Structure formats: structure tokens, C-alpha cells
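Me: I have a model open and would like to learn how to read it. Can we go through it feature by feature?

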Amino acid sequence: MLEKFSLSEPITMSSEAASERKASEAERGTTRMPREEMLWSFTLEEGSQLQNSPGMASSCAKPHLIISLFVGCLLFASPARPAVSPSAAVNSTTLPVKHSRISAHLKRVNKPASPDGDLIDCVPSHLQPAFDHPKLRDHKPSVCDFFRIESLTDQGLRRWFDATSTVVGRLQDPPERPKGYSLSSTVDASFQAWSISGESCPEGTVPIRRTTREDMLRASSVQRFGRKPAARRLRRDSTSTGHEHAVGYIIGDQYYGAKASLSVWAPRVTSASEFSLSQIWVISGSFGNDLNTIEAGWQVSPQLYGDNRPRFFTYWTSDAYQETGCYNLLCSGFVQTNNRIAIGAAISPASALNGGQFDIDLLVWKDPKHGHWWLELGSGLLVGYWPSFLFSHLAEHANMVQFGGEIVNAQTSGFHTSTQMGSGHFAGEGFRKASYFRNLQLVDWDNSLIPLSNLRLLADHPNCYSIQGGVNAVWGNYFYYGGPGRNVRCP
């Protein structure tokens, strides 16, 4: 279900305050609309702009909120007076028009529920959680600063950034995409369940999956909601924390991004405290308390989302998952710029065993001009960015990039979990059975996309989840990975 928000502002004031405001407006050459007219004048439609009306300085003037409908009903339900003034006669003729506008507005706002049961809120871009961060609070852009930049030409992007105040000063150019980049993917914004019918949020807003009381009650605590479990000691394979991996990784140089196509499946997760995911990690620091990571991919997490659907997700941390970072937009940090992608929303379709295979392209890279880490999905859709100041080591570059799958093995029954990784089938079963990553690439110091060399493959428990790779002319560097979890060789 898609709900569109607008901004709130009181519409009543004392007579002295009203006089002061009127004088101030006279100095600026603007006037304030009458309350009754203002009540119906603003709806958050394309561009989040006010409808043009006499006395408004511009369409990007500070918006006035549609107040609660019950207040409007009170206005119309006022007792009749003995004498009918000319203005009252006008109101009686315009009342049907207002009711018509109400009906049309409610029809636009109250959309059918998303097939995955999510509520997607269209939140004004400057009110998204990112701007709760102490370093971002004084750099909130106005509603009119955010447009659908992913759909603009390079020239249009430059005009957008020229006019936009961003989190740190003013960006003069759009992010510089890596050299060798080509828009070859056929995946667009309609790959998510909520947008299949053509839904999107208006320009000037971002779609955010609504967090419910039930979501938070499933978490181990309010403080840890939306975060991966903190570990006392992190190892490279992370098996001491119950996390198991089947991954390809590269280490030993300076890296500035990564790109890959990863197939989407809906693996079975057998415990609410477990998850199964497929992602790209961009990593810097040691596997101690200073670990910095940027992560993006898809995951099935009953605890976080309340279901077993594969969902597009992001994550970041600058202290090894201790106190910083979170999934998606559940804390301040990641700045979303796209009005068609809802981070945390379900992906549809998923791949089918011996049937159609569906994958998504992900690109994470450090913009060489301004230093922020950008995320791009599918056919050139800029989702948003992680400001560089969120990190210590990643403020400069990564020293490791990792691709692959991860599960949590809670061993709730005393045995290894039956939670699946990828498709739930071993890597050796190949195409249409096993999950895969293909066209693995890195971004180097020169902001160029290059093929991987010396890709290392690692499966923490190959009898539970395996990995097998190769290189060919069509898929470049690739690997299959995954498995069923508990079986006769994985007790």
C-alpha cells in the first residue's frame, strides 16, 4: 500500500503573530493564503509542488500541509447563520467541487495493498532518516532539491547537482560512473512487488517501507533492531558467531568498488532468528573492532521482515557491527535519491528450479570527485549513497571485496540448521539449479571497471554449502554457490 505524505504546519496563530507575519510577508512581497483555501490547495503530487495559485511566490515555496480531514469536516459543519453573506453563497456553490477534489485525492493516496503486504510511505526526501545524523542535520535539502536523477541525462544530472545543496557543501557534478561501464541490464524499477503495477513516489520524495510495531517486537531488543548481531570476536570465516559463508573474494590491494550480477532465489529459512542472503561486501580495516563494510544484495529474514520473501537490502558498519550502521534506512546514514526503489521491499520474480532464472545487477563504487560511496541497481538506477564521513578506513578505499552467500546457523535444535543458502542446491548442480554470481568486476584507483584476477573461493562448511567457479566469454568471472544446510554429510 502506497501512502503519500506532506509536511505539517499549524494554521492558527494569535492576532499579534498574524500581524507580524503579515508585515513580514509584505516585506518579502508574498501573501498568505486564507485558511479555507490553503486547506485544499496542497497535495503531494508529482514534484511535491504546490498548485499554482494567486499570492504564492513560487511552486517551491514552503508547503502548507493538508490538515486532518476531520478539521475540514468541522469547517463545513458550522451552524447556519440567519443572514447569508455573499461569501457564504460562494462557499455553497464550491462545496461540491471541494468534495470532488477530496474524492480524487483519496483515490490517489489510498492505493491497493502491495502483494507482499508492505506499506510503502512516500516521505519527503529531506525528512528521510539519513538527515537525523549529526553531520547531516544542518545540510537538509529542500523538498524541491530531490528529483528523479536516475532518469535524467548527464546534462540533466549536472543541472540537478548544480541546484542542489547536499550533505557536505554543494556538489557540482553527478557521480562519475566507472570507465568501461555499460547499461546492459534489462532490470528496471518494476522488479519490486510494490511497483509492479506502475507505482512510484512523486518527485521530491523517497519510498520507505513502513516499520511496524510487530517488526520491532520480533527483534532481540529495541537497541539492536535493524542491526546484525554484534560479535565479541570476529574471524575471517565468522563461524564463531554462527555465520557461515560460501564466497569469492579478493584481497591485497586498494579497491574502489565492485560490480556483479547475482541470481535471486527464495531460500527456506527454518528459524525466525536466522537469515539467508546473497550480497556484495566492500570491506576495509581488520576483522576486529575497526571493521568497515558496505553491503548490498538480497536477503530472506523472517525476524527483520516477518516473511520469507527475498528482499533488496543494504547494510553498513564502521565498527564491526557494534554500535554503528544498520539495514536499509532503519538508522541515519545512507542517503536515498531514488523515488522508485524501496530498500527492504520484496523482489519479484525469483528464479525457479529448472525454470526461468532472474538476476539483478549491483554496482557499488566510490565517486572520485566527492568521495561518497554510491549504489546503482539494474539499468542505471542510482539508489543513493553512503557519505564518506560515516567511515574511517572506507573514507579512503577498500582493502577487500567479497561476493557470495551467508546464512546464520542458530542450531536451535542442537543440529546444524536446515536453512538454505542461495537456491538450496549445491554449486556442482550448475545452471537452473544452483544460485550464481556472474560478470564479477572491480573498480580500480583510476575509476575503471576491470575483471577480477586471483579470485579466491571459500566455503566455511562445504558439506553444508559449497562454491565452484570459472571464467568464460559470456559470464566473465563467475561462480555457483549454495546448499541445503543440514544433510547426511552436514549433521
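Reply: Begin with the surface. This is a predicted model. The protein chain exposes about 21900 Å², and carbon and sulfur atoms supply 53% of that area.

Me: What percentage of the residues in the protein chain count as buried?
Reply: Of the 491 residues, 52% count as buried. The cut-off is under 20% relative accessible area.

Me: How many helices and strands are there in the protein chain?
Reply: The count is 7 helices and 18 strands.

Me: What share of the contacts comes from residues 24 or more positions apart?
Reply: Take the contacts in the protein chain with a separation of 6 or more. Residues 24 or more positions apart account for 72% of them.

Me: Let us turn to single residues. Is Pro-207 buried or exposed?
Reply: Pro-207 is buried, because its relative accessible area is 0%. It lies in strand β3, residues 205-209.

Me: Which residues does Pro-207 touch, leaving out those up to four places away in sequence?
Reply: Ten names to highlight in your viewer: Ile-120, Asp-121, Trp-194, Cys-201, Gln-336, Asn-338, Asn-339, Arg-340, Ile-341 and Ala-342. For a C-alpha distance, take Pro-207 and Gln-128. They are 79 residues apart along the chain, and their C-alpha atoms are separated by 9.4 Å.

Me: Asn-339 is on that list. Where does Asn-339 lie?
Reply: In the loop between β9 (335-336) and β10 (359-366). Asn-339 counts as buried because its relative accessibility is 2%.

Me: What lies 2.7 Å from a polar atom of the Asn-339 side chain?
Reply: The backbone oxygen of Cys-201.

Me: Which backbone atom lies 2.8 Å from a polar atom of the Asp-460 side chain?
Reply: The backbone nitrogen of His-245. Asp-460 sits in the loop between β16 (456-459) and β17 (466-472). It is buried, because its relative accessible area is 15%.

Me: Now backbone angles. What is the general rule for phi and for peptide bonds?
Reply: Most residues other than glycine have a negative phi, and most peptide bonds are trans. Now look at Tyr-321. Its phi is near 70°, a positive value in a residue other than glycine. Tyr-321 lies in the loop between β8 (311-317) and β9. It is buried, because its relative accessible area is 11%.

Me: What is the phi of Asn-354, and where is this residue found?
Reply: Phi is near 60°, again a positive value in a residue other than glycine. Asn-354 is found in the loop between β9 and β10.

Me: Is the peptide bond from Ser-348 to Pro-349 cis or trans?
Reply: It is cis, with omega near 5°. Pro-349 is found in the loop between β9 and β10. Asn-339 lies in that loop too.

Me: Last, pockets. What is the volume of the second largest pocket?
Reply: About 380 Å³. It is lined by 24 residues. Nearest its centre lie Arg-227, Lys-228, Pro-229, Ser-273 and Gln-303.

Me: How many residues of each class are in the lining of the second largest pocket?
Reply: There are 9 nonpolar, 9 polar and 6 charged residues.

Terms used:
Residues are numbered from 1 along each chain as its sequence is written. This is a predicted model: local features need pLDDT of at least 70, side-chain atom pairs count only at pLDDT 80 or more; totals for chains, interfaces and linings use all residues. Side-chain values use heavy atoms; hydrogens and water are left out. Helices (H or I, at least four residues) and strands (E, at least two) are DSSP runs, numbered from the N terminus. Buried means under 20% relative accessible area, exposed over 50%, partly exposed in between (1.4 Å probe, protein chains only). Contact means heavy atoms within 4.5 Å. Accessible areas come from the Shrake-Rupley method with a 1.4 Å probe; for residues, only the protein chains shown count as cover. A polar contact is a pair of N or O atoms within 3.5 Å; within protein, one must be able to donate a hydrogen and the other to accept it, and residues adjacent in sequence count only if both atoms are side-chain atoms. On a 1 Å grid over the protein atoms alone, a cavity is a set of points where a 1.4 Å probe fits but cannot get out, and a pocket is an open set with protein on both sides within 12 Å along at least five of seven lines; lining residues have an atom within 4 Å of a point. Grid points are joined across faces, edges and corners, and a volume is the space filled by probe spheres set on the points. Ala, Val, Leu, Ile, Met, Phe, Trp, Tyr, Cys and Pro count as nonpolar, Asp, Glu, Lys and Arg as charged, and the others, Gly among them, as polar.
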